[in-house]
Structure formats: C-alpha cells, structure tokens
Amino acid sequence: MIRTAALLLMLALAAPVALAQGAPERAQKEAAAQKRLDALRAQIKAIANEQRGLESERGDAAKALRAADGKVNEAVRALRRTEAGIATQELELQQLEAKKLALEAGLSEQREALAALVRSAYALGRHEQLKLLLAQDRMSDLARVLAYHRYFQADRQQRITGLLAELRELAAVAQQIVDQRQILEAARLQQQTELDALEAQRGERAGVLATVEAQFKDRAARLAALGRDEKAVLRLLEQLRDAVADIPRQVDDNRPFATRRGQLGRPLAGTALAAFGGRLPDGRTSDGLLIAGTAGAEVRAVAPGRIAYSDWLKGYGLLTIVDHGDGWMSLYAFNDALLKDVGDWVRSGEPLATVGSSGGQGRPALYFELRRNGQPQDPKPWLRP
C-alpha cells in the first residue's frame with residue numbers, strides 16, 4: 001500500500017516536469033510545420049507562375065479570360081466577406097435587443113419593488129424615525145426599531161442606486177443598438193455596391209468571351225486556344241504531388257482515400273450535364289463530371305485533404321485541387337471564386353469555391369475530376385448515391 005502511494009506521488013511530481021518539457025518540443029514542431037507550409041506555398045506559387053508564363057506564350061485569348069475571371073473572383077470574395085460581416089453584425093444586434101428586453105423586464109420588477117418601498121415610507125409620514133422612537137416603551141425595543149429603520153433606509157437607497165445603474169445600462173444598450181443598426185445599414189449599402197460591381201465584372205467577362213469566340217472560325221481553333229493541354233495538366237499534378245508529399249496530415253479523419261469508395265460526399269447537388277467519358281459542351285471528352293449549378297452556390301470538398309492548387313488554369317478556369325494522399329487528388333473547375341488558399345487543410349463537406357463559368361464556359365456549372373497518380377478515374381463509383 002505504502003509502495004503504491006509512493007509511486008503515485010512520484011508520478012504526480014513528475015507530471016508537471018514532463019508537461020514543461022513537452023511545451024518547448026510542441027512549439028518546435030509547430031514552428032517546423034509552419035516553415036514547411038511556407039516553403040510549400042512558395043513552391044506551388046512558383047509552379048503557378050510557371051503555368052501562367054506558358055499560357056501567356058500561347059496567345060492572348062487565355063490571358064484575357066484569366067484577367068476577366070480574376071476580376072470576378074475578387075468581386076465574389078469581397079461580396080462573401082461583406083455578407084459574413086453582415087451575418088455577424090445581425091447576430092450582435094439580436095443579442096443586444098435580447099439584452100435590452102431582459103433589462104426592461106428587470107427594471108419593471110425593480111420599479112414595482114421601489115414603488116412599494118416609497119408607499120411604505122409615505123404611509124409612515126414625515127419624521128417617521130422620531131415617531132418610531134417615541135412609540136417604544138423599552139430601551140431594547142428602541143434599539144431594535146432603530147436597527148430595522150436603518151436596514152429599511154439602506155435597502156431603499158440600494159434599490160434606488162441599482163435602479164439608476166440599470167437605467168444607465170439600458171440607455172447604453174439602446175445607443176449600442178442604434179450604432180449597430182447604422183453599421184448594418186452601411187454594410188448592406190456596401191453589399192449592394194459589391195453586387196453591382198460583380199454583375200459589371202460578369203458582364204465584362206461575357207464581352208471578353210464574345211470577343212475571343214469571334215476570333216475563331218471553328219471548334220478546333222477554339223479548343224487549341226482555350227482547351228486544356230492534357231500533358232501540361234499531368235505535369236502540374238506530378239509537380240503538386242511531389243510538393244505536398246512531405247507535409248504531415250493535420251485532419252481528424254485519417255482514413256486512407258482508397259477505403260472511401262462509395263462514401264464520398266457530392267461536391268455539388270445538381271443535374272449531371274456530362275458523365276465520365278461523355279462529351280462536354282465544347283466537344284471534348286469528359287474526364288470527370290460536369291454538374292449544373294447556380295452561380296454563387298458553394299462547391300464542397302468530397303473528402304479531407306490539403307489544398308494543393310488554387311489558381312486559374314487554361315481549360316479549367318478558376319481551379320481548386322485537393323490532395324488526399326496516396327496519389328489521390330480531386331479537381332474542382334469553372335468556379336467563379338476560390339475560397340481556400342494553398343496549404344489549407346479542409347474537411348469533408350467544407351466549402352472550397354463558388355459555382356461559376358470561368359475558363360470560357362457558357363453556363364454556370366462545376367467540372368469535377370478525380371485522379372490517381374495523375375490519371376482520371378470515374379467519380380461515380382466513389383460518390384455516395
């Protein structure tokens with residue numbers, strides 16, 4: 001028994017030392033992970049710049065579309081930031097109004113209690129302390145009455161002080177509500193301005209696309225200028241896979257991707273416009289799924305992973321690529337806005353982008369691919385029905 005107690009005491013004494021030693025080690029690991037992440041972002045930025053240089057060499061059509069899509073991307077992101085701010089401000093306003101109602105209810109009770117005290121004081125009339133003293137026959141009763149009277153007076157004063165404090169707090173909350181409503185109104189005006197700017201950018205993009213379309217007399221010329229270069233895509237995916245290979249996983253769900261067949265969440269709810277192996281609207285063979293969507297709808301990750309690419313790519317428009325490990329990657333293309341940055345970890349179902357028509361597409365839709373070691377796979381068996 002004594003030996004057990006001694007052992008427990010030694011463990012208890014050793015625990016703080018172990019924790020103290022573990023803290024610097026954790027800090028070192030976190031610093032090393034951040035350093036690797038910064039290096040990853042720099043490496044992928046260099047890869048993206050290389051892709052951009054290749055597109056510029058191949059003609060002005062892709063460059064013009066990239067610029068137009070980039071403006072739409074910035075407009076959508078600005079609008080989403082404003083909408084998120086409005087949601088936060090509306091919640092704060094609701095909390096302030098609830099606090100105001102609670103204060104008003106408390107004040108009502110305080111007023112009733114104070115009114116009862118005032119009525120009691122009035123019923124006693126003036127010089128109530130002197131009357132109470134003269135009405136007593138014994139010194140013990142006199143002392144007790146004086147004590148009660150002091151308690152009564154102190155309680156009344158305390159209630160009055162509390163009531164005044166609550167009135168001041170209520171006035172402050174009422175002013176906060178006025179200020180919050182003004183902030184909210186300004187945010188809504190900004191939202192409308194950004195909506196107008198977004199529509200203008202989409203109109204400008206449509207004009208750019210019409211100009212580009214007019215340059216090409218047939219589909220083959222258009223595909224040569226705007227379509228994807230499969231060799232370039234495979235090279236990009238190989239570079240990305242090498243770049244993210246040594247970055248440790250930081251998500252709760254670490255199941256291997258190969259075990260998720262038939263369990264992946266759908267990236268977007270909508271009608272399939274083109275299945276794997278089918279024909280895309282521009283005549284190309286589909287290496288994934290083309291899903292109809294509404295502009296601005298959220299595109300979601302099908303499984304946990306790390307953002308390996310978040311930029312514009314010829315033939316894909318605004319593209320997000322998620323690395324799931326073991327050579328598996330998912331691609332989400334034709335977006336209007338990219339919501340995640342390179343190196344970010346995402347969970348299954350987390351928003352990655354918003355549906356759009358970037359890359360020269362005629363209608364809002366999501367183009368989704370699933371690739372293993374760069375080779376396209378049919379997504380249908382992997383997605384939940």
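Predicted model: local features only at pLDDT ≥ 70, side-chain atom pairs only at ≥ 80, totals over all residues.
View 1. Residues are numbered from 1 along each chain as its sequence is written, and side-chain values use heavy atoms, with hydrogens and water left out. Strands here are DSSP runs of E with at least two residues, helices are runs of H or I with at least four, and both are numbered from the N terminus. Two strands pair if DSSP finds at least two bridges between them. β4 and β5 run antiparallel and are joined by seven bridges. Together they form a hairpin with three residues between the strands, and G315 in the turn has a positive phi of about 90°.

**View 2. β5 also pairs with β6 in the antiparallel sense, over six bridges.** Look for D323, which stands opposite M329 in β6. Two residues lie between the strands of this hairpin. D326, in the loop between β5 and β6, has a positive phi of about 55° although it is not a glycine. Is D326 buried or exposed? At 59% relative accessibility, D326 counts as exposed; the cut-offs are under 20% relative accessible area for buried, over 50% for exposed and in between for partly exposed, with a 1.4 Å probe and protein chains only.

**View 3. F257 and W382 form a stacked aromatic pair, because their ring centres are 5.4 Å apart and their planes lie at 25°.** Rings of Phe, Tyr and Trp (its six-membered ring) pair if their centres lie within 6.5 Å; planes under 30 degrees apart count as stacked, over 60 as edge-to-face and the rest as tilted. F257 sits in the loop between α6 (230-244) and β1 (272-274), and W382 in the segment after β10 (375-377), so the pair ties together parts that are 125 residues apart in sequence. F257 is buried at 1% relative accessible area, and W382 is buried too, at 7%. With W328, these two residues form one aromatic cluster. Leaving aside residues up to four places away in sequence, F257 touches L264, A303, H324, D326, W328, L370 and W382, where contact means heavy atoms within 4.5 Å.

**View 4. Y316 and Y367 make a tilted aromatic pair, 6.2 Å from centre to centre with 45° between the planes.** Y316 is in the loop between β4 and β5 and Y367 in strand β9, so the pair links parts of the chain 51 residues apart. Y316 is buried, with a relative accessible area of 1%, and Y367 also counts as buried, at 1%.

**View 5. The largest nonpolar core holds 28 residues.** Such a core is a set of buried Ala, Val, Leu, Ile, Met, Phe, Trp, Tyr and Cys residues joined through side-chain atoms within 4.5 Å. Which residues touch the most other members? They are F257, L264, V302, Y332, L352 and L370. Among the elements giving two or more residues to this core are α2 (60-124), β5 (317-325) and β9 (365-372). Another core, of 20 residues, lies apart from it and includes A308, Y309, Y316 and I321.
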